[in-house]
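Biologist: Please put the model up, and then I will ask about a few residues in turn.

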Amino acid sequence: YDGPSFQLTKNDWWLRQRQGNWELKIPVSFGQGHNGCQSYEEIEDPQQILMRLIQDGMLGDNPPTAEELAASTFQGFNVATEDTV
């Protein structure tokens with residue numbers, strides 16, 4: 001999932017829904033930048049995910065409420081099923 005400007009993807013953040021549960025993966029930086037990052041912080045609690053997205057400015061200056069976020073802000077752009085994995 002990502003917004004229309006792909007803000008998460010551009011920063012190597014991955015928001016996904018797996019078996020009905022939300023997950024946010026954020027690269028762990030080592031030294032300069034995070035190119036080639038092999039390690040990610042994983043957040044699975046929906047409230048913590050929302051707080052982290054707001055804290056790091058990923059939702060813009062006027063972040064949506066949890067209800068608005070769930071309803072329309074992020075859209076799936078690559079849907080994988082067990083048949084395609």
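Biologist: Leaving aside neighbours within four places in sequence, which residues is Q7 in contact with?
Modeller: This is a predicted model, with local features needing pLDDT of at least 70, side-chain atom pairs 80 or more, and totals for chains, interfaces and linings using all residues. Numbering starts from 1 along each chain as its sequence is written, and side-chain values use heavy atoms without hydrogens or water. With those neighbours set aside, Q7 has contacts (heavy atoms within 4.5 Å) with D2 and M58.

Biologist: What distance separates the C-alpha atoms of Q7 and M58?
Modeller: Q7 sits in helix α1, residues 7-10 (a DSSP run of H or I, at least four residues). Along the chain, Q7 and M58 are 51 residues apart. Their C-alpha atoms are separated by 6.6 Å.

Biologist: Is R52 buried or exposed?
Modeller: R52 belongs to helix α2, which covers residues 46-55. Not counting residues up to four places away, R52 touches W13, L24, I26, E41 and I43. Because its relative accessibility is 19%, against a cut-off of under 20%, R52 counts as buried.

Note on methods:
Helices (H or I, at least four residues) and strands (E, at least two) are DSSP runs, numbered from the N terminus. Buried means under 20% relative accessible area, exposed over 50%, partly exposed in between (1.4 Å probe, protein chains only).
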